[in-house]
Amino acid sequence: MTDAPLMIVKDLVKEFPHKRAGGRSETMRAVNGVSFHIRRGETLALVGESGSGKTTLARAAAMLHPPTSGSVVFEGREIATLKRRSLKGARKRMQMIFQDPYASLNPRLPVSAIIAEPLAIHSLGNRAERRAEALRLAQSVGLKAQDLDRYPHQFSGGQRQRIAIARALALKPALIFADEPVSALDVSIQSQILNLLRDLREEYGPAFLFIGHDLAVVRHFADRVAVMYMGRIVEEAASETLFNTPRHPYARALIAAAPRIGQGKRAPGAMRGAARDIPSPFDPPPGCPFHPRCPMAEDICKTTPPELELVEPGHQAACHFT
């Protein structure tokens with residue numbers, strides 16, 4: 001792993017226009033000035049409640065949802081301002097694994113064509129060479145040669161995700177966006193897919209932007225973790241540092257609420273104040289966005305949004321009281 005970042009995202013904003021009943025227009029800011037970086041071969045995980053902006057951030061960084069503003073530098077090149085045709089070269093180096101493997105696979109194509117499709121799009125090899133590469137990739141994720149001529153509906157959920165992973169590896173990408181790649185699978189299959197991803201990471205060496213809500217999975221897989229709340233990163237640290245010594249009240253609440261074997265329904269230290277509903281993204285609270293749910297909130301939290309600041313080497317948090 002080198003020190004030079006593979007991807008640098010700075011002040012990324014993604015807004016979506018919305019019309020209410022009666023025709024009134026308003027804007028939802030799903031990602032609000034987010035900055036982060038990913039090094040080569042590293043796994044950065046995004047965690048947070050549903051609606052915190054994790055998937056939107058990943059899709060904006062991958063240019064699937066072009067950002068409203070901000071900078072995305074990938075392999076030393078600014079890609080946030082590139083037009084669609086110019087993005088093709090960068091996209092060859094970035095791939096995605098989606099949450100729902102069945103929805104992400106074309107039901108009309110056999111597995112061989114699905115896995116080889118990225119090669120065909122980028123005009124790599126002839127038909128025989130692409131099929132041979134599809135076979136190699138299929139076998140690398142635990143599928144068999146006879147599976148190449150079958151269709152997605154003929155596979156289990158775990159097998160479909162293996163197909164999606166093989167497709168993501170076809171172009172030997174430097175970065176893979178994995179959007180909750182195991183959350184739609186049975187618990188018995190999740191560990192198999194996670195172990196497969198870890199093995200493939202060792203073999204092929206891609207970096208991952210890994211989105212998850214299962215903190216046990218994230219702790220098992222990620223090198224660093226960024227905690228998102230209402231479109232912002234509120235804490236970022238090395239995985240073990242964040243899970244052992246979280247500094248932001250929201251990160252503490254998430255970790256304390258995670259199920260633990262041998263403990264009661266609520267883990268020690270879980271914050272009851274954080275059980276309230278997330279505020280509407282169309283009407284975010286002033287100041288710190290977490291203050292309506294935070295039992296530590298003071299008057300400054302209601303008026304002044306905290307900056308994401310270094311609290312110790314490699315550990316950032318956005319709280320007035322860290």
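I began with helix α9 (residues 249-257): 7 of its 9 residues are buried, so it is largely enclosed by the rest of the structure. Buried means under 20% relative accessible area, exposed over 50%, and partly exposed in between (1.4 Å probe, protein chains only). Helices (H or I, at least four residues) and strands (E, at least two) are DSSP runs, numbered from the N terminus.

I noted that this is a predicted model, where local features need pLDDT of at least 70, side-chain atom pairs count only at pLDDT 80 or more, and totals for chains, interfaces and linings use all residues. Residues are numbered from 1 along each chain as its sequence is written, and side-chain values use heavy atoms, with hydrogens and water left out.

**Around α9**

I listed the buried residues of α9: Pro249, Tyr250, Ala251, Ala253, Leu254, Ile255 and Ala256. Then I looked up what covers them. The cover includes α7 (215-221), β9 (224-229), β10 (232-238) and α8 (239-244). Contact here means heavy atoms within 4.5 Å.

**The open sheet**

Next I traced an open sheet of 4 strands. Its order is β2-β1-β4-β5, and the pairing is antiparallel. β2 (25-39) and β5 (77-78) stand at the edges with a single partner strand each, so one side of each has no neighbour in the sheet. Two strands pair if DSSP finds at least two bridges between them. Strand β4 (residues 69-74) and β5 pair over 2 bridges. I looked up Val73 and found its bridge partner in β5, Glu78.

Helix α1 (residues 54-61) lies across β1 (5-19), β2 and β4. It runs at about 115° to β1. Axes are lines fitted to C-alpha atoms, for helices over the stretch in contact, and angles run from 0 to 180 degrees between N-to-C directions.

**The cores**

A nonpolar core is a set of buried Ala, Val, Leu, Ile, Met, Phe, Trp, Tyr and Cys residues joined through side-chain atoms within 4.5 Å. The largest one has 56 residues. Ile115, Ile163, Ile165, Phe210, Val218, Val225 and Val227 touch the most other members. Helix α5 (residues 157-169) gives the most to this core, with 6 residues. I also found a second, separate core of 33 residues, including Val9, Leu57, Ala62 and Met228.

**The whole protein**

I counted 10 helices and 12 strands in the protein. Of its 322 residues, 47% count as buried. The C-alpha atoms fill a box of roughly 65 × 50 × 50 Å, taken along the principal axes.
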